[in-house]
Amino acid sequence: MFDEGKIVIIGASNVGTAVLNKIVDFGLASEVVLIDINEKKCMGESLDTSHATACISSHNIYIHEGDYEDCKDANMIIITAGPSIKPGETPDRLILTKTNCKIMDSVMSQIVRYTKDAIILVVTNPLDVATYYVSANFDYPREKIIGTGTLLETFRLRRILADYYHLDPKLVHGYVLGEHGNSGFVAWSTVDIASLGLGNMDEFFNRDYKLNKGMIEQKIMQVVYDVINLKGCTNTGIAMVACRFIKAIKYNEYTILPMSSILTGEYGIHDVALSLPCMLNNTGIIKKFTPKLTDEEVGKMIASAKSVKFAMKAIEKKTEAVA
């Protein structure tokens, strides 16, 4: 049961510290523990953020550096450890596979020593490979392991469409599914605006030309690399995504969000982690949904699975996945 709660963040680099700061901004925990191999950096970030909370009158949060033993009574563990794509590097998260799966091995080996109760949120890239690896190779409840998946791309879809039609992004519904990466795709059959129908928007807004869906998809997939090349990293968007998951769990929302988990036959796909809409409460994933996609979209989902499985060949599985 997730209450005011203790959250452990593993990784004190750009993403981990952004997640820490957003948790503090929104008051989503009573205690946050930061763990990193760089103990000085970890201590400095904890100290800096802890002192910053003095100006927040609505909630008091105990922030400190720690070690894996702190996982013992944690409600939630957020894994952000591992390098990310840097400016100028090949724009594909899957090239991080070997390095970050070794890190996942080290991290999960420590976590399972102390808990099998905490909900684990995987943020490390390549997200779907990392989610599969920790779910398939460790004796940990599958429903408690959540990959942030394509929720960030889904938020980007909503923002880009909202800007295109000059309306509130909260009116835009629909999903980006598949891989959190280059083979992810907009499931246009799920997209709607204000229950008025996406196909009617151009007429309602007196557009002389139809929405260019290909252009929208290209913007969604390109923006991450634009951000990396312009500022050196991506951290704010994914930190907000992490907090959306924390909020859904903390408040037992029974909400439905796209997230990465191992597929067990959905669209005929097995033994790979990809994003589908899932229902989430304070115990973890309680239901997966398979939207009625078009044949073309199902083909894209299968292609996404092949892309992630190809990257997984770069690692040696410790054990066979258990369906």
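The model I am reading is a predicted one.

**Entry 1: H1 against H8.** I looked up the geometry of this pair. Helix H1 covers residues 14-26, and its axis lies 8 Å from that of H8, at an angle of about 50 degrees. The crossing of H1 past H8 is right-handed. Next I listed who touches whom. From H1 the contact takes in Val15, Ala18, Val19, Lys22, Ile23 and Phe26. From H8 it takes in Thr236, Ile238, Ala239, Met240, Ala242, Cys243 and Ile246. Sorted by class, the contact holds 11 nonpolar residues, 1 polar and 1 charged.

**Entry 2: H8 by itself.** I checked the length of H8, which runs over residues 236-250. Its 15 residues should span 21 Å at 1.5 Å a residue, and the end C-alpha atoms are 21 Å apart, so the two values agree. Which residues of H8 are buried? I wrote down Ile238, Ala239, Val241, Ala242, Cys243, Phe245, Ile246, Ala248, Ile249 and Lys250. After H8 comes Asn252, and I noted that its phi is positive, near 50 degrees.

**Entry 3: H5 against H7.** I turned to a second pair. H5 is residues 151-165 and H7 is residues 213-231; their axes come within 10 Å and cross at roughly 125 degrees. That angle makes H5 oblique to H7. H5 passes H7 in a right-handed crossing. On the H5 side, I found Glu153, Arg156, Leu157, Ile160, Leu161 and Tyr164 in the contact. On the H7 side, the residues are Met215, Ile216, Lys219, Ile220, Val223 and Val224. By class I have 9 nonpolar residues, no polar ones and 3 charged ones for the contact of H5 with H7.

**Entry 4: His166.** I then looked at the loop between H5 and strand S7 (172-177), where His166 sits. Is His166 buried or exposed? His166 has 69% relative accessibility, so I put it down as exposed, the cut-off for that being over 50%.

Methods: Residues numbered from 1 in each chain as written. Predicted model: local features only at pLDDT ≥ 70, side-chain atom pairs only at ≥ 80, totals over all residues. Heavy atoms only, no water. Helix = DSSP H or I, 4+ residues; strand = E, 2+ residues; numbered from the N terminus. Expected span 1.5 Å × (residues − 1). Buried < 20%, exposed > 50% of the residue type's maximum accessible area, 1.4 Å probe, protein only. Axes fitted to C-alpha atoms, helices over the stretch in contact; angles between N-to-C directions. Parallel < 35°, antiparallel > 145°, perpendicular 65-115°, else oblique. Left-handed = near helix turned anticlockwise from the far one by under 90°. Contact = heavy atoms within 4.5 Å. Nonpolar A, V, L, I, M, F, W, Y, C, P; charged D, E, K, R; others polar.
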